[in-house]
Every structure is written in structure tokens, then in C-alpha cells.
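This report describes one protein chain, from its overall fold down to single residues. The sequence and the structure come first.

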Amino acid sequence: MYKQFKNPDGSVVQTAIFRLSDMACIPFDPANTDYANFKREVLAGAELQDADGNVMTQANAFIKELP
């Protein structure tokens with residue numbers, strides 16, 4: 001399971017995601033294997049939450065917009 005998170009000013013971070021199993025912060029970097037795994041897992045059905053903890057129903061569309 002993955003979750004977006006917020007900056008101190010309340011805006012959603014657009015450059016990384018949290019993996020909730022170990023609270024790892026995964027940068028949106030195509031060379032990062034954790035990032036590739038994140039995209040693959042979400043496209044295969046892993047849960048993705050928005051920064052408020054709601055399950056994203058359009059997770060596949062979100063993934064397809066990422067680098």
C-alpha cells in the first residue's frame with residue numbers, strides 16, 4: 001500500500017510517494033527500482049491513498065501521468 005503525503009504548507013508532494021509497509025519515501029525517479037515496483041504494483045491493483053488517506057479510485061490514471 002502506498003500513500004501521497006503533504007508538504008508543511010499543506011500542498012501534496014509531487015515528487016515522491018510513501019510505501020506504508022516500511023514508511024520508505026520513494027522519489028519519482030525512473031532509475032529507482034522502488035519507483036518502478038511502485039508503478040507496477042499499483043497498476044496490478046495495490047492500494048494507493050491520497051494525502052488525506054482516501055483510496056484513490058483513479059490510481060491507474062495517476063500512475064500513467066508520472067514520469
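The sections below cover the basis of the values, the whole chain, and then selected residues.

## Basis

This is a predicted model, in which local features need pLDDT of at least 70, side-chain atom pairs count only at pLDDT 80 or more, and totals for chains, interfaces and linings use all residues. Residues are numbered from 1 along each chain as its sequence is written, and side-chain values use heavy atoms, with hydrogens and water left out.

## Fold and dimensions

The chain has two helices and four strands, arranged along the sequence as β-β-β-α-β-α. Its radius of gyration is 11 Å, close to the 11 Å that the globule rule gives for 67 residues, so the chain is as compact as a globular protein of that length. Helices (H or I, at least four residues) and strands (E, at least two) are DSSP runs numbered from the N terminus. The radius of gyration is taken over C-alpha atoms, and the globule rule is 2.2 Å times the number of residues to the power 0.38.

Along its principal axes, the C-alpha trace spans about 30 × 25 × 25 Å. With contact meaning heavy atoms within 4.5 Å, 37% of the contacts between residues at least 6 apart in sequence join residues at least 24 apart.

## Surface and charge

Of the 67 residues, 30% count as buried. Buried means under 20% relative accessible area, exposed over 50%, and partly exposed in between (1.4 Å probe, protein chains only). The accessible surface comes to about 4,100 Å², and 51% of this belongs to carbon and sulfur atoms; accessible areas come from the Shrake-Rupley method with a 1.4 Å probe, and for residues only the protein chains shown count as cover.

The chain carries 6 positive and 9 negative charges, whose mean positions are 4 Å apart. Lys and Arg count as positive and Asp and Glu as negative, while His and the chain ends are not counted. Each charge is placed at NZ of Lys, CZ of Arg, CG of Asp or CD of Glu.

## Two buried polar residues

R19 lies in strand β2 (residues 16-19) and counts as buried at 17% relative accessibility. Its side chain makes a polar contact of 2.9 Å with the side chain of D22. A polar contact is a pair of N or O atoms within 3.5 Å; within protein, one must be able to donate a hydrogen and the other to accept it, and residues adjacent in sequence count only if both atoms are side-chain atoms. Leaving aside neighbours within four places in sequence, R19 is in contact with M1, Y2, A24, I26 and D34.

Q4 is placed in the loop between β1 (2-3) and β2, and is buried at 9% relative accessibility. With neighbours within four places again left aside, the contacts of Q4 are V12, I17, Q49, D50, A51, M56 and F62.

## Loop residues

D9 is also found in the loop between β1 and β2. At 63% relative accessibility D9 counts as exposed, and its side chain is joined to that of S11 by a polar contact of 2.7 Å. A31, in the loop between β3 and α1 (33-43), is exposed at 69%. The C-alpha atom of A31 is 29 Å from that of D9, 22 residues away along the chain, and 14 Å from that of T15, 16 residues away.

M23 occupies the loop between β2 and β3 (24-27) and is partly exposed, with a relative accessible area of 49%. Phi of M23 is near 60 degrees, a positive value in a residue other than glycine. Most residues other than glycine have a negative phi.
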